[in-house]
Amino acid sequence: MQNRRVVLAVAAVAFVAAIIGVYVVVNPSDRGPTRTASGQAVRTIEVGALPVTCNLTGPIACMTMQNNASMAGMMSGPGADTMSIRDSLGPIVAHFTRYSGWPEIKEALISGHLDAAYLLAPLAMDLADKGLPIRVVALGHRSGAVIMVPKNSTARNLGDLRGKRIAIPSRFAVDNLYVHRLMRQYGVTESQVTLIEMAPPDMPAAMGAGAVDAYATGEPWGAKAERDGTGRVLHWTRQDWPDYICCVLAVRVDHIATTRPMIQYLVDNVMSAGVWLDRDSVNRVLAANVASRPQYFNTDSTLIRYVLEHPRDRVTYGDLRLIRSQLDSLMELGRFTGIINHPIPYETYTDESFIRHHHNITVNLDSARHNE
């Protein structure tokens, strides 16, 4: 769009990685067992995610599958960060890998180092439209984004941020679309604000130092400033955008074609984890403890718990269905903002079949209960 003033604050290494296709794995931990106790070869699917509460269903599904596999005596050897099932293809594990940024996870998916990943919805649309063989099979969460200002700020809404610097995670981030949605609502033009691309973990400190005047982000980086007493929430998606969609679970088409039962089981566990998370506050406390572990998010459990409890609907997970009208609206907002340059048909980037055939699976975090 004309008069766009976006100041790039992306680290040089991330930029180079995005250009040359290098991907960065934050925790290249043990890949888990290669054979079952009975000696059968184990097939592995690689699942990638960022350590943000948008993707919290990943660790919960992961732990459940690990525990169910252990109970069935299917695995031998180390595998604390694996998901396992048995289907017509034999034993299968899905290995959870934590990434540090969207460029890295995108390139890992493009290069084939990942088979499935939690992605920004507009990014998944764009990649599928450009020919990358992926499909979105479920949502990752609902709500969960905020616009933060300093605690002593007099701003009442985004209209009061004219002339200010607002940090956004990336132009493809739905947080950016959220800012533009509010700009349109309050009559703020592109020339009246400066948007700065910045890694969300850096945002609280940048605002505290006066480098930016506000920031839009997913959790837990809004909650961090709020909990630390340096920032307050100016806008919540839970109030402004009830059907907000950000992260989605995408899988490579080749795995849909060749290992459909395994993908179905993965979706079953992710959706069941979402229902479980929204069912009981006790579940959310346990989820924070699991997700904080080094093999998953490696994040302060009390910060994750703060996100999940203040307030309880700050992020929700109970409805991870793909709804065409909502994704079409998101795509059109992407066109308005300029990150998508033409209509992308819903069928280009989605596969609803796994949602239609979803079966509930009981979340099993027994080992977490015993160890916490």
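A nonpolar core is a set of buried Ala, Val, Leu, Ile, Met, Phe, Trp, Tyr and Cys residues joined through side-chain atoms within 4.5 Å; buried means under 20% relative accessible area, exposed over 50% and partly exposed in between, for a 1.4 Å probe and protein chains only. The model is predicted: local features need pLDDT of at least 70, side-chain atom pairs count only at pLDDT 80 or more, and totals for chains, interfaces and linings use all residues. Residues are numbered from 1 along each chain as its sequence is written, and side-chain values use heavy atoms, with hydrogens and water left out.

**View 1. Leu-119 and Ile-134 in the largest nonpolar core.** This core has 108 residues, and Leu-119 and Ile-134 touch the most other members. Helix 10 (residues 260–279) gives the most to the core, with nine residues; helices (H or I, at least four residues) and strands (E, at least two) are DSSP runs numbered from the N terminus. Leaving aside neighbours within four places in sequence, the contacts (heavy atoms within 4.5 Å) of Leu-119 include Trp-102, Ile-105, Ile-134 and Val-248. A second, separate core of 13 residues includes Met-148 and Tyr-215.

**View 2. The ring pair of Phe-96 and Tyr-296.** The structure holds five aromatic pairs. Rings of Phe, Tyr and Trp (its six-membered ring) pair if their centres lie within 6.5 Å; planes under 30 degrees apart count as stacked, over 60 as edge-to-face and the rest as tilted. The centres of Phe-96 and Tyr-296 are 5.6 Å apart and the planes are at 80 degrees, so this pair is edge-to-face. Phe-96 lies in strand 4 (residues 90–98) and Tyr-296 in the loop between helix 11 (281–291) and helix 12 (301–309), so the pair ties together parts 200 residues apart in sequence.

**View 3. The ring pair of Tyr-346 and Tyr-349.** With centres 5.9 Å apart and planes at 75 degrees, the pair is edge-to-face. Tyr-346 and Tyr-349 are three residues apart in helix 14 (residues 346–349), a separation of about one helical turn. Tyr-346 and Tyr-349 are buried.

**View 4. Packing of helix 11 and helix 12.** The axes are 8 Å apart at an angle of about 145 degrees; axes are lines fitted to C-alpha atoms over the stretch in contact, and angles run from 0 to 180 degrees between N-to-C directions. Residues of helix 11 including Val-285 and Ala-288 meet residues of helix 12 including Ile-304 and Leu-308.
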